[in-house]
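Welcome! Here is a friendly briefing to read alongside the sequence and the 3D view. Take a moment to look around before you start.

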Amino acid sequence: MTHIAFIGGGNMARSLIGGLLKTGVPAAKLCVAEPMAQARESLGRDFGVATFDDNRLAAADAGVLVLAVKPQVMPAIHHELRDTLQRNRPLLISIAAGVRIDQLERWFGSLLPIVRCMPNTPALIGAGATGLCANLRVTPQQREQAQHILDAVGITRWIDDEAQMDTVTALSGSGPAYFFAFVEALEEAAVAQGMPRETARMLATQTCLGAGRMLVESNEAPATLRQRVTSPNGTTQAALESFSADQFPRIVARAVAAATRRGAELAAALDKE
C-alpha cells in the first residue's frame, strides 16, 4: 500500500486521515507535517500517525503527497519540497482552493502527476462533496488512488475541464455557506412571526435536514420533489410565488457567478508569486 503524506495538519487533513483509517488504511502508511507543536501532538495522539515539523521529512518516502495548506502558503513551501518531489515524483494531490494545475506544475515541477481537488467543509463529518481534475501525467491507477482518498469523506466527481473547477468552488465549495444563510433567514422569518427562536431554529434545521435526505435517498430531481409538496393554491405555492416574484433563481445564479469570478481572481493573484 502506498505511503500517503499530508503537508498541513488542519481540519481537512484531519478529516481525510480519519476517513482513510476507517476504510482500513493502516496508520503506519500515513504521516503528516504540521508546524504547530500542539497540532502535531494531537494528530499523533488521536490517529496514531507519524508527525513531522519538517515538510521534507514527511515527503521523503511518500507515494502520494497531499497538499492540505492555504493557497497563499503554496509559493513558500515549494522551495522546501521541489527537489524531493522531482526526485521521487509522487502523485501530488492539492486541496488548496483556487490553485490551478499549471501553477502547481510551475512551483513543484512540470513532470509530476497532479490532481487538483475542491472538497467542502461537510467533509469534516464524512458528508463532503469534492470535484477533482487531473493533468495528463496522472495514470488510471493514480486517479483511483486520489478518488479513494477523497471518497473517504464523502462523494467525488471528476471534472474534465479544469476551468469548471471555479464553478465547483462556487457550487459545492462555498455552497454550505449559502445553505446556512438560507436556514438563518428561515429562522429569522419565523421569529418575526412571533415564534420563539429556539423553536424556530430547531424546526428550520430539521426541515432542511429532512429535505436534504429526501434528495439524496430518493434519487428524484429537486423539481419533482418540489412539485409533490406544492398543492395548487396552497401555502407552499404562495411562498414559491413570492420567491419567483423576488427573482430567487436569478439571485442564486448571480451569487454563484460572483463566487466563480472571485475564484478565478484569487488564482490569478497567485500568478504574481
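Which kind of link do the side chains of R100 and D102 form? They meet in a salt bridge, 2.7 Å from N to O; the term stands for a side-chain nitrogen of Lys or Arg within 4 Å of a carboxyl oxygen of Asp or Glu. Please keep in mind that this is a predicted model, in which local features need pLDDT of at least 70, side-chain atom pairs count only at pLDDT 80 or more, and totals for chains, interfaces and linings use all residues. Residues are numbered from 1 along each chain as its sequence is written, and side-chain values use heavy atoms, with hydrogens and water left out.

**Salt bridges**

- Searching the whole structure turns up 14 salt bridges.
- The R100 and D102 pair belongs to a network of salt bridges that links R100, D102, R106 and D271.
- R100 counts as partly exposed because its relative accessibility is 22%; here buried means under 20% relative accessible area, exposed means over 50%, and partly exposed lies in between (1.4 Å probe, protein chains only).
- D102 is also in the partly exposed class, at 36% relative accessibility.
- Another salt bridge joins the side chains of R14 and D46, at 2.6 Å from N to O.
- Helices (H or I, at least four residues) and strands (E, at least two) are DSSP runs, numbered from the N terminus.
- R14 has 23% relative accessibility, so it counts as partly exposed, and D46 is partly exposed at 40%.
- The side chains of R197 and E188 form a salt bridge too, at 2.9 Å from N to O.
- R197 is partly exposed with a relative accessible area of 36%, while E188 is partly exposed at 38% relative accessibility.

**The region at residues 4-98**

- An unreviewed UniProt entry places the feature "domain: Pyrroline-5-carboxylate reductase catalytic N-terminal" at residues 4-98.
- UniProt positions are given in the numbering used here, feature names are shortened, and annotations may be inferred rather than shown by experiment.
- Over residues 4-98, the chain is 45% helix and 20% strand, with 23 Å between the end C-alpha atoms.

**Strand 1 and its partners**

- Strand 1 (residues 4-7) is covered on both faces: I4 and F6 are buried on one side, and A5 and I7 are buried on the other.
- Strand 1 pairs with strand 2 (residues 30-33) in the parallel sense over four bridges; two strands pair if DSSP finds at least two bridges between them.
- Within strand 2, C31 stands opposite A5.
- Strand 4 (residues 64-67) also runs parallel to strand 1, and four bridges join the two.
- The bridge partner of A5 in strand 4 is L65.
- A right-handed β-α-β unit is made by strand 1, helix 1 and strand 2; right-handed means that, with the strands pointing away from the viewer, the path from the first strand over the helix to the second runs clockwise.

**A closer look at L21**

- L21 is found in helix 1, and it is partly exposed with a relative accessible area of 26%.
- Which residues does L21 contact, leaving aside its neighbours within four places in sequence? They are P26, A27, L30 and F47, where contact means heavy atoms within 4.5 Å.
- The C-alpha atoms of L21 and G175 are separated by 27 Å, and the two residues are 154 residues apart along the chain.
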